[in-house]
Amino acid sequence: MKAWSEVPAKEYGDLRKRLLESIFSYAARPKIVLNRLCIALSAYILQTTPSYWPNAIPELLAMFQATDLQTLTPERRVWILLEVLTVIPEEFDSMSMMKGHKTTVRNELEKTTVPGEKSL
C-alpha cells in the first residue's frame with residue numbers, strides 16, 4: 001500500500017486476482033487477516049480507479065453476488081463487502097496519492113452508481 005509506485009502496471013490484474021482469491025480463501029479464518037486483506041483491496045481500488053479499474057465498485061458488488069461463491073454464506077459475503085466499502089473512505093483520507101489522482105478518484109467514486117440507485 002505504501003510502495004504502490006513499485007508495482008508495474010502490467011501486474012495490476014494479477015494482483016487484483018490474488019487479493020480476491022486470498023479474501024475468499026480467508027473468509028472463514030481469523031478476522032484480523034481478512035480485515036487486512038480488505039484494507040489492501042480498498043487501497044488497490046483507490047490506486048487503480050479510474051485508469052485501470054474504472055467500474056470497481058459495481059464489479060465488486062457483482063462479484064459478491066456471483067453464484068460461484070456458494071462456499072461463503074450470504075452473511076459472510078455481506079460482511080466482507082461492507083468491510084471493503086467501509087475502508088475505502090478511511091484509506092482515501094490516509095493514503096498518499098498525487099493531488100491530481102486523488103481528485104480524479106474522488107470524482108469517479110462520486111459518480112459511481114449501482115443498478116437501481118441514483119448517482120450521488
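Ala, Val, Leu, Ile, Met, Phe, Trp, Tyr, Cys and Pro count as nonpolar, Asp, Glu, Lys and Arg as charged, and the others, Gly among them, as polar. With those classes in hand, look at the second largest pocket. Its lining divides into five nonpolar residues, four polar and one charged. The pocket has a volume of about 170 Å³. Ten residues line it, and the closest to its centre are Trp 4, Ser 5, Gln 47, Ser 96 and Met 97. Keep in mind that this is a predicted model.

## How the helices pack

Two packed helices are described by the angle between their axes and the distance between the axes.

| Helix pair | Angle between axes | Distance between axes | Crossing |
|---|---|---|---|
| α1 (residues 12–25) and α2 | roughly 155° | within 10 Å | left-handed |
| α2 (residues 31–48) and α4 (residues 74–94) | about 55° | 8 Å | right-handed |
| α3 (residues 56–65) and α4 | about 165° | 10 Å | right-handed |

**α1 with α2.** The axes cross at roughly 155°. That makes α1 roughly antiparallel to α2, since angles over 145 degrees count that way. On the α1 side, the contact includes Tyr 12, Gly 13, Leu 15 and Arg 16. Leu 19, Leu 20, Ser 22 and Ile 23 also belong to the α1 side. They meet Leu 34, Leu 37, Cys 38, Ala 40, Leu 41, Tyr 44 and Thr 48 in α2. By class, this contact has 11 nonpolar, three polar and one charged residues.

**α2 with α4.** Here the angle is about 55°, and α2 and α4 are therefore oblique to each other. Among the α2 residues in this contact are Lys 31, Asn 35, Ile 39, Ser 42, Ala 43 and Ile 45. Leu 34, Cys 38 and Leu 41 of α2 take part too, and these three residues are also in the contact with α1. From α4 come residues including Arg 76, Trp 79, Glu 83, Val 87, Glu 91 and Phe 92. The residues of the α2–α4 contact divide into 13 nonpolar, two polar and four charged.

**α3 with α4.** The angle is about 165°, so α3 is roughly antiparallel to α4. Helix α3 brings Ile 57, Leu 60, Leu 61, Phe 64 and Gln 65. Helix α4 answers with Arg 77, Ile 80, Leu 81, Val 84, Leu 85 and Ile 88. Nine of the contact residues are nonpolar, one is polar and one is charged.

Next comes a loop. Pro 50 sits in the loop between α2 and α3. The peptide bond from Thr 49 to Pro 50 is cis, with omega near -5°.

Which residues does His 101 touch, not counting those up to four places away in sequence? They are Leu 46, Gln 47 and Thr 49. His 101 itself lies in helix α5 (residues 99–110). His 101 and Thr 49 are 52 residues apart in sequence, yet their C-alpha atoms are 8.9 Å apart in space.

Two of these partners have turned up before. Gln 47 is among the residues closest to the centre of the second largest pocket.

How values were computed
Residues are numbered from 1 along each chain as its sequence is written. This is a predicted model: local features need pLDDT of at least 70, side-chain atom pairs count only at pLDDT 80 or more; totals for chains, interfaces and linings use all residues. Side-chain values use heavy atoms; hydrogens and water are left out. Axes are lines fitted to C-alpha atoms, for helices over the stretch in contact, and angles run from 0 to 180 degrees between N-to-C directions. Helices (H or I, at least four residues) and strands (E, at least two) are DSSP runs, numbered from the N terminus. Angles under 35 degrees count as roughly parallel, over 145 as roughly antiparallel, 65 to 115 as roughly perpendicular and the rest as oblique. A crossing is left-handed if the near helix is turned anticlockwise from the far one by less than a right angle, and right-handed if clockwise. Contact means heavy atoms within 4.5 Å. On a 1 Å grid over the protein atoms alone, a cavity is a set of points where a 1.4 Å probe fits but cannot get out, and a pocket is an open set with protein on both sides within 12 Å along at least five of seven lines; lining residues have an atom within 4 Å of a point. Grid points are joined across faces, edges and corners, and a volume is the space filled by probe spheres set on the points.
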